[in-house]
Every structure is written in C-alpha cells, then in structure tokens.
Amino acid sequence: MKRNGFTPGLQNVWKQAKRLARENRLDGFQKALTLLMLLLAAFMLLPIVYIVGHAFKPYHELFVYPPNFFVREPTLQNFTELFLVAANSTVPMSRYLFNSAIITIAGVAGVTIVSAMCAYPISKLKFPGHKQVFALVLLTLMFAPEVMQIPRYLVVSRLGIMNTYWAHILPLLAMPVGVFLLKQFIDQLPNDLLEAARMDGAGELVVFLRVVIPVCMPAVATVAILTFQNAWGNVETSSLFMQDDDMKNFPFFLTTLTSNQANLVARQGAAAAAALIMFVPNLVIFLFLQGKVIATMAHSGIK
Amino acid sequence: MFDKTSQMALDAATSGAAGKLRTEARSRARSKARGLLAVLWAHRFSYLFIAPFMLSFTAFILIPVLAAVGLSFTYFNAIQPPRFIGWQNYQYLLSQDLLFLKYALPNTFQFALLVGPCGYAAAFLLAWLISQLPGTLRRWFALAMYTPSLTAGIAMSIVWLPMLTGDRIGYLNSLLLQLGLIDVPKLWVTDKDYLMNSMIVVTLWSSMGVGFLAMLAGILNVNKELYEAGKLDGIGSRLQEIWYITIPSMKPQMLFGAVMAIVSTFKAGAIGVELSGTNPTPEYAGHLIINHIDDYGFIRFEMGYAAAISVFLLILMYLSNKLSWGLFGSREDE
C-alpha cells in the first residue's frame with residue numbers, strides 16, 4: 001500500500017488520474033496543443049489566482065505594489081474582519097445573502113424559461129410578425145444602456161414595484177442576448193425532427209419541452225451561466241430601485257464596505273475576503289453548467 | 001308628380017346601390033379583419049409563448065429606448081422637464097462637436113476595426129482548439145479562456161496595471177529592459193501613442209465572452225457523421241474540415257458571435273479610463289463614443305445630447321451589423 005510513499009487517499013487520486021489519462025489518450029497533435037493551451041491558460045487564469053490569494057493576505061501584503069499573486073503568510077483575519085463589519089451593520093449580512101440568493105435563483109429560472117419560450121416560436125413557428133419581433137430584439141441590443149437609466153427608473157416607479165423583489169427580478173427577464181442565442185441554436189434543429197414529433201401526436205408544448213429544450217441544452221446552459229453572472233453581480237437595481245436597506249443585495253453591501261471611508265486602507269481586507277465570497281459561486285456555477293454543455297453533446301443521439 | 005316619384009325611386013335606387021356597396025365594403029373589411037383574427041388565432045400558441053418575454057422587454061427595454069430616442073430631440077438636464085429643440089443635438093454632434101469628430105469617432109473606428117474581427121477570429125480559433133481536446137481538459141480550458149469575463153473587471157486592472165506600469169518596476173518594462181529591447185521604460189498607459197494599443201491588447205485578452213461560449217457549444221454540436229462523410233469525399237486536412245464542414249454547419253453560432261463582437265466592441269468604453277487612471281484619457285487618446293456619452297450624460301448632465309450620441313452609435317452598430325449579416329447570414333435570416 002505504501003509503495004509510492006502515498007497515503008491511501010492520495011493513492012486513490014493517483015489511480016483515478018491514471019485511469020483518466022488512459023481513457024483520454026492524446027495523439028501527438030493533442031499533446032502539443034495541450035502544452036500550448038496550458039501556457040495560455042496559466043496566463044488567462046491569473047485573475048482567479050489573484051482573487052483567491054488576495055483574500056488570505058495580511059494587511060502588510062495587501063498593499064504591496066506591484067501586487068503579489070501568491071500569498072506569502074496566509075491568514076484568516078480578512079474573513080474575521082468581514083464578519084465583524086457585518087455583525088455591526090444595521091442589517092445582518094445573512095439578509096443581503098438571502099436577497100441575493102432569491103434574486104439569482106428566480107432570475108436564472110425565469111430568464112432561461114422566458115427566453116426559450118420566446119425563441120422557439122420566432123425560430124420555428126414563423127407566426128406573422130416574427131421577423132419584426134426578432135429585428136426589434138436585435139436592435140435594442142445595440143442601444144447604449146447609459147441613457148436608458150432615467151426612463152427605466154420612471155417605468156419601474158410607474159409600475160409601483162419600487163422596493164419589492166419584482167423590481168430586482170423583472171428587469172432581468174428582458175435579456176435580448178438570451179433570446180438571440182437560443183433562437184440561433186433552435187434554428188439549427190432540423191425541421192424533420194419537429195415534424196416527426198408532431199406526426200407522433202405531440203402538441204407544440206410537448207415538442208417544445210421534450211424535443212427542443214433537451215437538444216438545445218448547451219445553449220440553455222450558456223444562457224443560465226450568463227444570467228447567473230448578471231443577477232449575482234447586479235448592483236444597479238439595488239442602488240436605483242430599493243430604498244430600504246434590507247431589500248438590497250449582497251454585491252451592493254460589498255460596495256458599501258470601502259466607500260464612504262475616511263481613507264483607502266480601512267476595510268480593504270474585508271473587501272478582499274468579500275470579493276472571494278462573491279466570486280466562488282460564479283466559478284462553481286460555470287464549471288457545473290459548462291460540464292453539462294460538454295456532457296450533453298457527448299450523450300445526445302440526435303446530433 | 002310623376003317627376004317626383006321617379007326622382008324618389010331613383011334616389012332610393014341609388015342610395016340602395018350605394019348602401020349595398022357600402023355594406024359590401026364593410027363586410028369585406030369585416031371578413032378581412034376576421035381573416036386576420038383567424039390568422040392570429042391560429043398562431044395563438046406563438047403569441048402566448050412570446051408574451052412573457054415581450055411584456056418585460058417592452059417595459060424595461062423598449063419603452064426606455066424609445067424614451068431615450070425621444071429625449072435626443074430635447075434639451076434635458078435631468079432636473080428641469082425636457083425642452084424640445086428638434087434636430088439641434090444632431091446638428092451640433094455632426095458639425096461642431098470637435099471632441100467627438102476628432103477623437104471619439106476615429107478612435108472608436110480604430111478600436112472596433114481591430115478588436116472586433118481579431119477578437120472574433122480568436123474566439124473561434126480558441127473554441128476550435130479546445131474542441132479538439134478530450135472532454136475533461138475541455139472543461140478546464142473553457143474556464144481558463146472565460147476567466148477574464150467571469151472576473152469582470154475587478155482583476156483585469158490588477159493583472160494589467162502592474163504589467164503596464166510606466167516605470168522600470170512594471171513587469172513588461174522590466175522584461176523588455178532586461179532583454180535589451182528598449183533603453184528607457186515606456187509609458188504604456190499614460191502616453192497617448194501607446195494607450196490605444198494597450199487598450200486593444202487588454203480588450204482582446206478579455207474578449208472571450210458569450211460569443212466564445214456559443215461558438216464552443218456550436219462546434220461541439222456539429223454532427224460527427226459529417227466529418228466521416230467528408231473524409232470519404234476526400235477532405236484531408238483539418239483546415240479543410242473547418243472550412244467545408246465546421247463553419248457551414250455552425251452558421252447560426254458564427255452569426256451570433258459576430259453580432260456580439262460588434263456590440264461589445266462598440267459598447268466598450270471603461271477600459272481606457274481604467275488603464276490610464278484619468279478621465280478623460282491623456283489627450284483624449286482613448287476617448288471612445290461611450291466615454292463621450294458618459295461625459296455628457298453623467299458629468300455635464302446633458303441627457304438630451306447624450307441620447308443623441310447613443311442614437312448615432314446605434315445607427316453605426318446597425319450598419320456594421322448589416323455588413324456582417326451580409327457576410328454570414330443565410331438568405332432566410334434577412
């Protein structure tokens with residue numbers, strides 16, 4: 001058992017790695033490619049290394065310039081500082097996290113469903129006006145969002161949803177990119193496939209749920225990744241549409257950590273720890289859904 | 001007497017004919033309306049399905065956009081009610097706004113022409129390279145390439161600012177000095193000659209966004225049997241495979257990537273300010289149209305003028321979009 005000097009746990013990992021290597025045997029081209037991509041990937045991944053390292057840096061390392069990517073004397077003091085700040089704030093941090101969780105879950109579910117529902121008829125059912133609807137969606141994609149803020153504020157206040165979860169979630173639902181992306185993927189579906197399902201007596205709803213969605217899972221997952229990022233990091237709705245502090249979300253709380261401080265040093269540690277807490281869900285969701293994209297391609301028989 | 005009756009009869013006849021005509025027209029209109037209603041009713045499923053999106057789209061995007069277009073014809077300082085001034089904003093923009101004509105417009109073109117096509121090509125190339133690797137590696141490389149988009153800005157300035165710092169300590173300067181390629185440290189982000197190039201490089205680094213993800217999914221989506229059929233038809237090299245099989249079978253994703261590349265490059269703006277640390281950028285070297293909109297909208301509070309610039313930008317993007325549609329779109333999409 002101790003042949004390699006590994007503990008049994010590590011040995012299992014080693015065995016698994018070997019098995020993986022056997023399964024994914026690489027040819028020469030792939031080997032060269034992997035090496036090249038590894039170099040590039042190392043460079044692209046720098047921000048993640050930095051965010052993780054930064055959260056564990058003691059104060060005297062936080063302000064070194066140029067910054068160190070790796071932490072030299074890791075410490076948890078940033079996290080304790082964050083929890084101290086949170087404990088002293090009027091609204092408990094758990095409330096902000098709860099708000100963010102609700103908004104994000106509702107947002108991701110809502111956007112993927114609503115966008116897919118809109119994309120399917122535009123792509124495959126050709127109802128009168130489908131071209132105009134699509135052209136409109138595309139055109140608004142190109143408008144600079146800056147000058148829409150004031151009219152948007154007026155719409156939200158007229159709807160009477162200020163200071164409610166609706167004002168967080170409803171504006172998210174209008175994501176033209178999602179409709180555009182899903183429409184492009186549904187375009188790729190052969191019409192024969194849909195016809196075959198209809199011949200078997202499936203109604204449109206069944207075709208949509210049983211044929212279109214499963215086959216377009218990669219696109220749905222991509223839209224979900226995008227929405228998660230949007231919803232989880234969204235500060236705008238909190239700062240514009242929410243008056244009460246206990247209706248605001250976690251990223252908004254983070255912006256309050258370092259702003260309004262007498263100097264630029266105070267609470268930087270807490271902010272670094274918070275940035276990590278903010279980032280980890282993004283990473284996990286991306287890896288999870290991206291894995292789905294790749295797995296679906298491998299297993300779906302229709303392609 | 002006779003005259004009168006005949007006249008009456010005539011009247012009755014003509015009015016009857018006119019009435020008949022009228023009722024006929026009305027019934028035709030009605031049947032037409034009924035036909036339209038029938039068509040709409042036949043497609044009720046479609047309308048029901050697009051309704052949720054269209055409702056929130058109308059409320060939070062369409063109405064604000066239309067309102068902004070309306071504001072572009074007014075003088076509006078965000079405090080007093082808007083005052084209608086017709087085409088004046090546009091006239092000023094196209095004939096007198098020197099900052100816009102001399103810096104924002106040419107800079108945006110230079111930036112977009114380099115970043116748009118290069119970022120697009122890089123996204124496709126990287127997506128294709130990743131697709132050539134086995135599944136477990138794919139996931140991690142996809143993560144690596146998407147990282148800059150995932151960490152959105154926070155870490156970008158952290159990676160690039162120390163690298164491009166203008167003194168000898170900056171990573172790039174110290175490397176180039178050691179290699180003997182330069183004698184004096186270069187001011188990568190504060191010199192007006194270098195700022196634009198730095199902006200382009202950094203933006204390219206972070207350009208693997210949703211377009212890249214879509215293209216990766218699109219490439220993996222291509223029917224594997226096509227490649228086998230292609231081999232039988234005499235396709236030898238990987239390049240031929242890409243050109244004759246991969247790209248044609250993922251046209252929708254290529255189109256999506258192209259539109260997203262156009263939209264994201266024209267909408268880029270913060271990058272120059274982030275890199276140089278000053279707003280406006282040194283001698284307006286990194287001044288893009290979006291910076292100009294921000295400047296008028298949120299520093300000078302001339303929302304009407306800012307809206308006019310946004311409309312101009314929209315037209316610019318629409319035209320370049322038409323161009324790419326012409327290149328990549330199939331006839332059906334037009």
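**Cysteines and the interface**

A: Over all chains, this predicted model holds zero disulfides.

Q: Is A:C118 buried or exposed?

A: A:C118 counts as buried, because its relative accessibility is 0% and the cut-off for buried is under 20%.

Q: And what about B:C118?

A: B:C118 is partly exposed, because its relative accessible area is 38%, which lies between the limits of 20% and 50%.

Q: Changing topic: how many residues are in contact between chain A and chain B?

A: On chain A, 91 residues are in contact with 98 residues of chain B.

Q: What area do the two chains bury between them?

A: Chain A and chain B bury about 8,500 Å² between them, and carbon and sulfur atoms account for 80% of it.

Q: Which three residues of chain A supply more of its buried area than any other three?

A: These are A:M44, A:M142 and A:F143, which supply 9% of the area that chain A buries against chain B.

Q: What is the make-up of that side by class?

A: The side of chain A that touches chain B has 70 nonpolar residues, 12 polar residues and nine charged residues.

Q: How many salt bridges and polar contacts are there across the interface?

A: The rule finds zero salt bridges between chain A and chain B. For polar contacts, the count is 11 residue pairs, with both residues at pLDDT 80 or more.

Note on methods: Residues numbered from 1 in each chain as written. Chains lettered and ligands numbered in written order. Predicted model: local features only at pLDDT ≥ 70, side-chain atom pairs only at ≥ 80, totals over all residues. Heavy atoms only, no water. Contact = heavy atoms within 4.5 Å. Buried area = accessible area lost by both parts, 1.4 Å probe. Salt bridge = Lys/Arg side-chain N within 4 Å of Asp/Glu carboxyl O. Polar contact = N/O pair within 3.5 Å; in protein donor to acceptor, adjacent residues only side chain to side chain. Nonpolar A, V, L, I, M, F, W, Y, C, P; charged D, E, K, R; others polar. Disulfide = S-S within 2.5 Å. Buried < 20%, exposed > 50% of the residue type's maximum accessible area, 1.4 Å probe, protein only.
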